[in-house]
There are 2 protein chains.
Amino acid sequence: MITAKNCVARLSRYKSALNRFKTLGFVKVFSDNLADAVGATSSQVRKDFSVFGISGSKRGGYKIDELIEKINNILGKNEVQQVIIVGAGNIGSALMNFKGFEKEGMKIVACFDTDPTKVNRLGNIQVLPIEELKSFVLNNKIKIGIIAVPDNAAPGVMEALLEAGIKGVLNFAPIQLKAPEECVVNNVNIESELENVIYYVNALQKSRKT
Amino acid sequence: MITAKNCVARLSRYKSALNRFKTLGFVKVFSDNLADAVGATSSQVRKDFSVFGISGSKRGGYKIDELIEKINNILGKNEVQQVIIVGAGNIGSALMNFKGFEKEGMKIVACFDTDPTKVNRLGNIQVLPIEELKSFVLNNKIKIGIIAVPDNAAPGVMEALLEAGIKGVLNFAPIQLKAPEECVVNNVNIESELENVIYYVNALQKSRKT
C-alpha cells in the first residue's frame, strides 16, 4: 500500500503536467516528457501506467486527452467530489479560497468551526457551527473531510468525523492522526516540511565547510 | 538521501510529540511512546535516533528536554531561521499568519508579490514588491524561501530565488520544481494530497462491494 501511495501521488502529478501540456497546445506526450515534468524517470512513468493498465503505442506516445480521462477514472474524478473542512482559521480559510481544488473536480461544500464569530451562512462557502457537522455529512453523503484545527483539537475532530461517517481525511494539524481500517488518513505537516528544507540547507553548508 | 529524508521528517514529528508530552507533565519517554505518537514502530524510533547518535538508557528511556535539544541541534534549530514567502495570495497569507512556525524557531520575515495592491510595508509581516526580492535576501542573508504562487509563475520565481542566493525552497505551487545541486527543493502539492485521499476512499469502497 505504501508503494501504491507513491504511485497514486505521481498519477495526480502526471495529470497536472498533462493539463499544462494541453494548455501549450500539445496533443500527444511521450513518457520522457512526463518524466521530465514530474521529476521521475521515463521507465518509472511507463511502470506506473502499466500498474493501472494504461498503455501507449511505442512510436506515438500517449494521447493527452485519453490519458487525462483514464487517470481521472483511476483517481475517481469522473464525478465532483464534495469535501468539508473543519477549522476556519488561517489554513482552513486559505483552503476555502483555494482555486486548485475545483479545477481538479474537488469542491469544498462547507466549513465547520467551534467559534460562533466565524459562523457565516451567507458566504460563498458556508461556515457552520461544529454541532451541525454530523447532520450535514449524513444529509449530503460527504465522504471526505479536511482537518485544519490546532493539534490539541485534532483528535477530537477526527473522532467527530468518524462518527459522522467520513471515510477519508486530509489532516493539516501538526499531529499524526490514526484512524480505524475503514478510514484513510493523509497527514500533511507544514512545519515539518519546512524543517526538512532547513535541515538539508544546513547539512549541505556543513558538508561544504569540511 | 531519500531514506534520510524520511528519517528527518520523522525527527521533526518526534519533536512535536515530545513537546506535547512535555505539556502533559512528562519528563521521560520510551521509544514505545514516541512510536505510538508518530505512527512508527519502536524499533524504527530507536533506529532513527541511532542514525544521529542519540542513545537512551534501556531502563530509563529518554529525558524529554535532552532529546528536544538534541533534535533541535540536528535540525539546525539552535538559531531562529529566517524565511521569506513569494506570493501573498491565499496560501501565502495563511502561512504569514501561521503560528506553528515561530513556535518551532522559524520566522517569516517578509513576503513578496507582483501585485502592487498587495504591497504593505506597515503590516506585521511586510509585503514587498517582487523587484526588492534580491536585495532583501542578500542584505538579510536569507537562505530559505517558500513559493506560494500559481503554477505558471512558479518556475520564474524559482529562478529569481536561486539568483538571489536562496539555498532551500518549500514549494506549494502544483508543479514539480527542480533546482541545481546547491539548492534543496521540497514540493508540497495540496491538490495531489487530497486526490490521494479520494483515490483510497474510492478504492476501499470498490473493494468492499466486490
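Me: To start with, how many salt bridges does the rule find across the interface of chain B and chain A?
Reply: There are two salt bridges across the interface of chain B and chain A, a salt bridge being a side-chain nitrogen of Lys or Arg within 4 Å of a carboxyl oxygen of Asp or Glu. In one of them the side chains of B:Lys15 and A:Glu195 meet, at 2.7 Å from N to O. This is a predicted model, where local features need pLDDT of at least 70 and side-chain atom pairs count only at pLDDT 80 or more, while totals for chains, interfaces and linings use all residues. Side-chain values use heavy atoms, with hydrogens and water left out, residues are numbered from 1 along each chain as its sequence is written, and chains are lettered from A and ligands numbered from 1 in the order in which they are written.

Me: What area do chain B and chain A bury between them?
Reply: Chain B and chain A bury about 6100 Å², with 63% of that on carbon and sulfur atoms; buried area is the accessible area (1.4 Å probe) that two parts lose on being put together, summed over both. Of the area that chain B buries against chain A, B:Leu194, B:Glu195 and B:Tyr200 supply 11%, more than any other three residues.

Me: And how many residues does the contact take from each chain?
Reply: The contact (heavy atoms within 4.5 Å) takes 66 residues from chain B and 67 residues from chain A.

Me: Switching to the inside of chain A, at what angle do helix 2 and helix 3 of chain A cross?
Reply: The axes of helix 2 (residues 31-38) and helix 3 (residues 42-51) of chain A cross at roughly 105 degrees and come within 8 Å. Helix 2 of chain A is therefore roughly perpendicular to helix 3 of chain A, the word covering angles of 65 to 115 degrees. Axes here are lines fitted to C-alpha atoms, for helices over the stretch in contact, with angles running from 0 to 180 degrees between N-to-C directions, and helices are DSSP runs (H or I, at least four residues) numbered from the N terminus.

Me: Which residues meet there?
Reply: From helix 2 of chain A come A:Ser31, A:Asp32, A:Leu34 and A:Ala35, which meet A:Ser42, A:Val45, A:Arg46 and A:Phe49 in helix 3 of chain A.

Me: What about chain B, at what angle do the axes of helix 2 and helix 3 cross?
Reply: In chain B, the axes of helix 2 (residues 31-38) and helix 3 (residues 42-51) cross at roughly 105 degrees and come within 8 Å.

Me: Back to charges, which residue forms a salt bridge with A:Asp48?
Reply: A:Arg10 does, with the closest N and O atoms 2.5 Å apart. Because A:Arg10 lies in helix 1 (residues 2-23) of chain A and A:Asp48 in helix 3 of chain A, the pair ties together parts that are 38 residues apart in sequence.

Notes. Helices (H or I, at least four residues) and strands (E, at least two) are DSSP runs, numbered from the N terminus. Angles under 35 degrees count as roughly parallel, over 145 as roughly antiparallel, 65 to 115 as roughly perpendicular and the rest as oblique.
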